[in-house]
Amino acid sequence: MLELYNEFVNHPDFWKYISIPFVAAIVGWTTNWLAIQLTFYPIKFIGIPPWLGWQGIIPKKGKKMAGIVVENTLDKISTMQEIFDEFEPDKIAHHVIKVADSRIEELTDDIMNERNTVLWENLPNIVKNRAYNRARRQLPEMMDNLIEDMHANIEDLIDPKELIIKRLSEDKNMLNRVFWECGETEFKFVINSGAVFGFIFGLIQMVVWWYHKDWFILPAFGLLVGLATNWLALNLIFRPLNPTKLTPFGPTVQGLFLSRQRAVSEVFCRIVTAEILTIGHIMVEIFKGPKADRAKAMLKKHMRPVIDGGVVKTVAQLTVGPEGFVDLKRTIEEKTIEMSLASFDDPIFSKERGKVVERMFRERMQAMSSEEFQALLRPAFEEDEWILITMGGVLGLMAGLLQLTLMFTGAG
């Protein structure tokens, strides 16, 4: 053993041999780092489409990736009815009424000046004030009834899954951020473990190369390092699925991502409720999304008593005439929608409502089984995973060939 040690230490290529595990560690780290980068970037396709070039796996399949995430999370933790319940419809109505009440005069003046500025400006203030006051008196009841009606029929007005998928597939940077912030620890583990696994394989490679100088040894081990480091890292993230003792007296282990279920749930639910499924985005989708006609018909129904009754109708016909009254009603509806949606730009109110929904999402997501929970991040790795692993192998093979050519050509 001592003779072997002395022979190794005094060998003229000693430092070249010593470099083998370090080179393997660099190859392992580099291939894994590149694999993660290519999962997220570039956001847009770079190259000559359709085949010569690359686009990050997540951005490339944005709609599909967003759909998988939604189906594997939102479907299991909530319905739109429950979300709207948590928003508390009475508080939504109260907030809109509060904002609208302060803008009654402004809104009315805008609408009437748009139709007939001269006549409206020349009406006596007592007539205008009667119109303002009647609208202000009827607004709370109208808004309460509208929100109550929306609450009862919310499933027919909006599909939260479509909203999330649309926003994430349109905003590829946000989609990337959802995956990155949820799996940051795991992605860094993949990268850094490449160096550790690469070094271990490099030690084996060094011993094999000492005894066998076949030219293919270094390239073959380079290929192995590139393939195995990615494969091992990915499996350690999601395996074992449930807490498991590898030995009767050993510690309990679980896949890295799965063991962080509580922390990941907090991150995911915060992003979804603070930036995607907000009360403002939901209301915009209701009144401007694919089912907007239903919401507008509902609004029209509840505004009819306000517009068609008493002094409001009389004042309106004085300024725009009976023929313009129909167009005026349409304008009022549109302005009411704009004003209502603008009220949800209040960051304090949106954050307050979002926190309530976030808490519900987080509690239910943390209660998911490991099988259900792994489906949140697993798609980021499964999509074209073979490409990333194969690419790691190719880069490792190239590194092995370079190592053979530059360092060990002619070595004995």
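## Ground rules

For residue classes, Ala, Val, Leu, Ile, Met, Phe, Trp, Tyr, Cys and Pro count as nonpolar, Asp, Glu, Lys and Arg as charged, and the others, Gly among them, as polar. This is a predicted model, in which local features need pLDDT of at least 70 and side-chain atom pairs count only at pLDDT 80 or more, while totals for chains, interfaces and linings use all residues. Residues are numbered from 1 along each chain as its sequence is written, and side-chain values use heavy atoms, with hydrogens and water left out.

## Two pockets

A pocket here is an open set of points on a 1 Å grid over the protein atoms alone where a 1.4 Å probe fits, with protein on both sides within 12 Å along at least five of seven lines; lining residues have an atom within 4 Å of a point. Volume is the space filled by probe spheres set on the points, which are joined across faces, edges and corners. Helices (H or I, at least four residues) and strands (E, at least two) are DSSP runs, numbered from the N terminus.

The second largest pocket holds about 170 Å³. Its lining consists of Leu-4, Tyr-5, Phe-8, Met-206, Val-207, Trp-210 and Tyr-211, and by class these are seven nonpolar, no polar and no charged. Helix H11 (172-211) and helix H1 (2-9) each give two or more residues, with H11 giving the most, four.

## Aromatic pairs

Rings of Phe, Tyr and Trp (its six-membered ring) pair if their centres lie within 6.5 Å; planes under 30 degrees apart are stacked, over 60 edge-to-face, and the rest tilted. The count comes to eleven aromatic pairs. Phe-22 and Phe-199 are edge-to-face, because their planes stand at 70 degrees, with ring centres 5.2 Å apart. Phe-22 belongs to helix H2 (residues 14-40) and Phe-199 to helix H11, 177 residues apart.

Phe-257 and Phe-373 are stacked, with 4.9 Å centre to centre and 10 degrees between the planes. Both are buried (under 20% relative accessible area; exposed is over 50%, partly exposed in between, 1.4 Å probe, protein chains only): Phe-257 has 0% and Phe-373 has 1%.
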